[in-house]
Amino acid sequence: MKISIVVPVHNEAGNILPLIEEIEKAMTQAEAYEIIYVDDGSRDQTEAELKAAMQRFNALRVIRHRQSCGQSTAVLTGVKAAVHPWIATLDGDGQNDPADIPRLYRALFEKNQVTADLWMIAGWRNKRYDSQWRLFSSKFANTVRSSLLGDHTPDTGCGLKVFARDKFLELPYFDHMHRFLPALVIRAGGSVISEPVNHRARGVGVSNYGTLDRLWAGITDLLGVIWLQKRTKLPEVSEIERR
């Protein structure tokens with residue numbers, strides 16, 4: 001397993017060290033790996049905690065946005081900086097379990113034998129530790145999105161995903177694109193499979209993204225992705241051999 005683990009964070013002081021320790025433990029069997037934290041303009045002690053962690057963990061790299069640019073941009077920054085061909089993304093709040101990464105990585109390669117052009121394994125939080133309102137709003141949004149985009153993905157909001165770096169970099173970039181990655185992968189000609197993953201309660205801090213913020217962004221971005229789908233053509237390509 002050669003993989004780069006990208007973790008976007010914004011004001012996650014208190015969650016930094018415990019999560020890095022878990023990632024290190026999960027990667028003990030990896031052939032090669034790196035941990036890339038992208039500090040998206042944090043204003044708390046996140047930067048200081050990351051600098052201290054760099055003294056302990058050789059696999060850790062830290063990239064900082066001077067100003068907050070959003071989760072999608074932070075993920076893109078990390079993927080661009082990555083040196084390995086496979087990427088795993090994790091939310092920085094500790095609710096994703098790093099122990100799931102090796103399992104998703106293995107599932108991607110095993111299922112690629114029967115699923116053509118499998119580019120991504122998406123985590124599916126089938127048992128979530130969130131408020132009833134967040135659970136309802138998430139289920140509603142996922143149902144609407146899946147029916148309109150046809151991505152057949154029950155949980156696009158899960159931050160835990162494993163995918164091919166080169167394929168990700170071919171996708172169209174826009175703010176909030178991380179919520180539509182399965183649909184964008186399918187639009188580009190790839191396949192996505194969802195796998196159940198562990199979900200935990202947040203230990204420290206509060207969510208940086210409110211429900212109304214996600215709802216408004218989701219509506220406008222959903223229309224944009226529908227437009228992208230309708231404007232896409234996937235040609236069947238063959239090269240004529242020289243005789």
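Reader: How far apart are the mean positions of the positive and negative charges in the protein?

Author: They are 3 Å apart, for 31 positive and 29 negative charges. Lys and Arg count as positive, Asp and Glu as negative, with His and the chain ends not counted. Each charge is placed at NZ of Lys, CZ of Arg, CG of Asp or CD of Glu.

Reader: Where does the model come from?

Author: It is a predicted model: local features need pLDDT of at least 70, side-chain atom pairs count only at pLDDT 80 or more, and totals for chains, interfaces and linings use all residues. Residues are numbered from 1 along each chain as its sequence is written, and side-chain values use heavy atoms, without hydrogens and water.

Reader: How many helices and strands?

Author: 8 helices and 7 strands, taken as DSSP runs (H or I, at least four residues; E, at least two) numbered from the N terminus.

Reader: Which residues of H1 are buried?

Author: In H1, residues 16–26, they are Ile 16, Leu 19, Ile 20, Ile 23 and Ala 26. They lie on the same side of H1, because their arc around the axis is only 125°, judged by directions from the helix axis to the C-beta atoms. Buried means under 20% relative accessible area (1.4 Å probe, protein chains only).

Reader: What covers them?

Author: The cover includes strands E1 (2–9), E2 (32–40) and E3 (60–65), plus helices H2 (46–54) and H4 (100–111). Contact means heavy atoms within 4.5 Å.

Reader: And what share of the whole protein is buried?

Author: 47% of the 243 residues.

Reader: What size of box do the C-alpha atoms fill?

Author: Roughly 60 × 45 × 35 Å, along the principal axes.

Key:
Buried means under 20% relative accessible area, exposed over 50%, partly exposed in between (1.4 Å probe, protein chains only).
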